[in-house]
Amino acid sequence: ESRNGLANRRGAVAMIREPDSPHSATSQFFINLADNPALDFQPGDAEDALGYCVFGQVIAGLDVVEQIARLPTSAHGEFSKVPSPAVAIRSIERLR
């Protein structure tokens with residue numbers, strides 16, 4: 001939920017959703033490489049203008065995320081910018 005008080009700051013992990021459909025997040029996420037306050041819930045926002053829900057934080061390995069961000073991209077299926085070569089997450093750990 002984008003009203004959880006967490007911000008889209010560098011290293012924050014947030015849900016991807018359709019820009020015009022605030023309740024469309026299902027299984028994709030992104031990692032903020034910079035502070036993105038425009039993606040946060042803003043008090044007074046209309047129901048259809050909610051922010052992007054932050055649910056985690058990269059606390060180690062942000063250098064790896066930056067390496068991934070520097071990879072070249074290519075179109076793949078419906079996506080216009082996919083890292084090339086493909087990147088796979090082999091492990092993730094919940095700390096709390």
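These legends describe close-up views of one predicted protein model.

Residues are numbered from 1 along each chain as its sequence is written, and side-chain values use heavy atoms, leaving out hydrogens and water. Because the model is predicted, local features need pLDDT of at least 70 and side-chain atom pairs count only at pLDDT 80 or more, while totals for chains, interfaces and linings use all residues.

**View 1**
Helices (H or I, at least four residues) and strands (E, at least two) are DSSP runs, numbered from the N terminus. Read from the N terminus, the order of elements is β-β-β-α-β-β. The C-alpha atoms fill a box of roughly 40 × 35 × 20 Å along the principal axes. Of the 96 residues, 21% are buried. Buried means under 20% relative accessible area, exposed means over 50%, and partly exposed lies in between (1.4 Å probe, protein chains only). Contact means heavy atoms within 4.5 Å. Among contacts between residues at least 6 apart in sequence, 55% join residues at least 24 apart.

The score is pLDDT, the predictor's confidence in each residue, from 0 to 100. The chain averages 88. At least 70 is reached by 95% of the residues.

**View 1. Strand 1 pairs with strand 2 and with strand 3.**
Two strands pair if DSSP finds at least two bridges between them. Three bridges join strand 1 to strand 2, and these strands run antiparallel. Strand 1 and strand 3 are also antiparallel, over three bridges. Follow valine 13 to see both links. Its bridge partner in strand 2 is isoleucine 31. In strand 3, valine 13 stands opposite glycine 56. Now look at the side chains. In a regular strand they alternate between the two faces of the sheet. Here, Ala12 and Ala14 point one way from strand 1, and Val13 and Met15 point the other way. All four are buried.

**View 2. Valine 54 is a buried residue of strand 3.**
Its relative accessible area is 4%, so valine 54 counts as buried. Leaving aside neighbours within four places in sequence, valine 54 is in contact with Asn4, Leu6, Ala7, Asn8, Ala12, Val13 and Ala14. Methionine 15 is 39 residues away from valine 54 along the chain. Their C-alpha atoms are separated by 6.6 Å.

**View 3. Phenylalanine 30 and tyrosine 52 form the one aromatic pair of the structure.**
A pair of aromatic rings is described by the distance of the centres and the angle of the planes. Rings of Phe, Tyr and Trp (its six-membered ring) pair if their centres lie within 6.5 Å. Planes under 30 degrees apart count as stacked, over 60 as edge-to-face and the rest as tilted. This pair is edge-to-face, with 6.1 Å from centre to centre and 75 degrees between the planes. Phenylalanine 30 lies in strand 2 (residues 29-31), and tyrosine 52 lies in the loop between strand 2 and strand 3 (54-57), so the pair ties together parts 22 residues apart in sequence. Tyrosine 52 has 17% relative accessibility, so it counts as buried.

**View 4. The charged end of arginine 17 sits over the ring of tyrosine 52.**
A charge sits over a ring if NZ of Lys or CZ of Arg is within 6 Å of the ring centre and within 35 degrees of the ring normal. Here the distance to the centre is 4.0 Å. Arginine 17 is in the loop between strand 1 (12-15) and strand 2. At a relative accessible area of 10%, arginine 17 is buried. Its side chain reaches the backbone oxygen of leucine 50 at 2.3 Å. It also reaches the backbone oxygen of glycine 51, at 3.3 Å. Beyond neighbours within four places in sequence, the contacts of arginine 17 include Pro22, Ser24 and Ala25.

**View 5. Threonine 73 is partly exposed in strand 4.**
Strand 4 covers residues 73-76. The relative accessible area of threonine 73 is 44%. Not counting residues up to four places away in sequence, threonine 73 touches Lys81, Val82, Pro83 and Ser84.

**View 6. A cis peptide bond joins serine 84 and proline 85.**
Most peptide bonds are trans. In this cis bond, omega is about 10 degrees. Proline 85 lies in the segment after strand 5.

Conventions. A polar contact is a pair of N or O atoms within 3.5 Å; within protein, one must be able to donate a hydrogen and the other to accept it, and residues adjacent in sequence count only if both atoms are side-chain atoms.
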